[in-house]
Amino acid sequence: MNNLSMTIVGNLTRDPDLRFTPSGAAVVKFTVAHTPRKLNRESGKWVDGEPTFLDCIAWRQLAENIAESLSQGHRVIVTGTVRTERWETDGRNGGPAGEKRSRMVLDVDSAGPELTWANAKIKKMQRSNAGPSDDPWAIGSRVRPTSPAAPAGTSGENPPF
């Protein structure tokens, strides 16, 4: 594989934003902030470094579980594939049109609470009787992740954000 995988531990900056595509697929968007801490040897105190913010997107059942389980301020562990989104400004927000912009996005494979300073009660989900075509990893499934533009299980749909 030629994908860049990443695991980040940080805090949610706001509640996850759950939406649905026109075909009914759940998609959630959230941002994780990671602030490194280091010891100032002169003062002997811990100080915060510059925070890093990473936009995250998850699909289908994982999206619904994240939206139901996690909220602003929760410390989380998130793993997924990193990609870069690129676009040009359109001038509608007061800035000049045509400026090139980019941001890093994490297509989430798994997420959950970080349990160093919290505890969680796990509620196992009931399996549905979905057919193999609904499971992208089922043997013989017709739905497979095929390109970096179409994260696992997305069927190439764009999130409604």
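Me: Is Arg101 buried, partly exposed or exposed, and what is its relative accessible area?

Reply: Please keep in mind that this model is predicted. Exposure is read from relative accessible area, with under 20% taken as buried and over 50% as exposed. Arg101 has a value of 39%, so it is partly exposed.

Me: With which residue does Arg101 form a salt bridge?

Reply: The general idea is to look for a side-chain nitrogen of Lys or Arg within 4 Å of a carboxyl oxygen of Asp or Glu. Here the partner of Arg101 is Glu99, and their closest N and O atoms lie 2.6 Å apart. Glu99 is itself partly exposed, at 31% relative accessible area.

Me: How exposed are Arg92 and Asp90?

Reply: Arg92 has a relative accessible area of 71% and is therefore exposed. Asp90, at 42%, counts as partly exposed. The side chains of these two residues, Arg92 and Asp90, form a salt bridge with an N to O distance of 2.6 Å.

Me: Which residues are linked with Arg83 in a network of salt bridges?

Reply: The network joins Arg83 to Asp55, Glu85, Arg103 and Asp107. Within it, the side chains of Arg83 and Glu85 meet at 3.1 Å, N to O. Glu85 has a relative accessibility of 22%, so it counts as partly exposed.

Me: How many salt bridges does a search of the whole structure find?

Reply: The search finds 9 salt bridges, among them the pairs Arg83 with Glu85, Arg92 with Asp90, and Glu99 with Arg101.

Note on methods: Residues are numbered from 1 along each chain as its sequence is written. This is a predicted model: local features need pLDDT of at least 70, side-chain atom pairs count only at pLDDT 80 or more; totals for chains, interfaces and linings use all residues. Side-chain values use heavy atoms; hydrogens and water are left out. Buried means under 20% relative accessible area, exposed over 50%, partly exposed in between (1.4 Å probe, protein chains only).
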